[in-house]
Amino acid sequence: MAKPEFTIRSHRPQVPASPGHARLVHHRPHAVLDEGGVFDAHPRAVLGPIPVLWIERRAAVEAVVKAVVARRRLFLSFCNAHTMRIAHRDRAYAADLRRLIVLNDGLGMNIAARFALGRRFPDNLNGTDFVPALLRAVPAGTRIHLLGARPDVVARAAEVLAHTHPTLSVVGARDGYFSAGETEAVLAETVASRPDILLVAMGNPRQEKFMVEHAEKIGATVVIAVGALFDFLAERFPRAPRLVRKAGLEWAWRFAQEPRRLFERYTVGNVDFLLRTARYCMTNTPESGEPTRQPPLSPRRARDRRHPPRRHDG
């Protein structure tokens, strides 16, 4: 039996939270890949071309578990400063992300939220912590498939998950080094494993584009873009100590591990991200090409615009 298409729900009234284009909105983005609407009750922060969910960790985990149990398809991703920066430059990528449920990740997003909305996100929902919390919460017997990273890394990550979550079933593991011509075979392998949760670790923007392009063929109930999660599970890169993570300084720990690869991202890239956020919020002219909505005029200003006062020279 063919799977039902994703439903498109009507928009709810917007509730501005700050001047300019930055705001919290309470409507469901157009054609978002959330079949059960499990996140519809939660607002989204518009800090750029991607609406980012405004939600606490516990509520987010519970919503995803609800989708798994009800077998209602859900596509989830995470947005940090680097992701938002790519989305500002790549309109097609931004459009793909707007079809996913997007959670905030990292210090940069908190700085942007504080600047634009006057407050931080409720929790830091980075995928490296969120996904293990989710796997601890899903029912026994939940089927997990891993897709992405190097062959040795994904194989080791699958072993670690099977050991640390013995009540779950790791039903497949495939590296992300496949050509366009092999995509159909990879998708067929995923469908055959009948996963409840598919973890996609191809790095952005590739992983999100893959998820959206093949949304109707993936065959999993919940699909999550997880970035470097498999590298951490396989202990290819050590996690920062808990106190460092709580202080929001895991980026500094990662920079110390990979200074050459991350130098541009954490120096020039973060400054560029904050400047783009400021421009988006203050000038009300987003670079994504998305239409903007000016705040409504006060009755007096509306009257003055219709009947401008006469000038009296002299």
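Two strands count as paired here if DSSP finds at least two bridges between them, and strands (E, at least two residues) and helices (H or I, at least four) are DSSP runs, numbered from the N terminus.

**Ground rules.** I'm working on a predicted model, where local features need pLDDT of at least 70, side-chain atom pairs count only at pLDDT 80 or more, and totals for chains, interfaces and linings use all residues. Residues are numbered from 1 along each chain as its sequence is written, and side-chain values use heavy atoms, with hydrogens and water left out.

**Entry 1, β8 and its neighbours.** I looked up β6 (residues 143-148) first, and found that it pairs with β8 in the parallel sense over five bridges. Which residue of β8 is the bridge partner of H145? I get L198. On the β9 side (residues 222-225), β8 pairs in the parallel sense again, over four bridges.

Is β8 (residues 197-201) enclosed or open? Five of its five residues are buried, so the strand is largely enclosed by the rest of the structure. Buried means under 20% relative accessible area, with exposed over 50% and partly exposed in between, using a 1.4 Å probe on protein chains only.

**Entry 3, the crossover.** From β8 I followed the chain through helix α8 (residues 206-213) to β9, and the three make a right-handed β-α-β unit. Right-handed means that, with the strands pointing away from the viewer, the path from the first strand over the helix to the second runs clockwise.

Between β2 (residues 44-46) and β3 I find three bridges, with A45 opposite V52.

A cavity is a set of points, on a 1 Å grid over the protein atoms alone, where a 1.4 Å probe fits but cannot get out; lining residues have an atom within 4 Å of a point. The lining of the largest cavity is L135, I144, L161, A162, H165, L168 and V170.

Note on methods. On a 1 Å grid over the protein atoms alone, a cavity is a set of points where a 1.4 Å probe fits but cannot get out, and a pocket is an open set with protein on both sides within 12 Å along at least five of seven lines; lining residues have an atom within 4 Å of a point.
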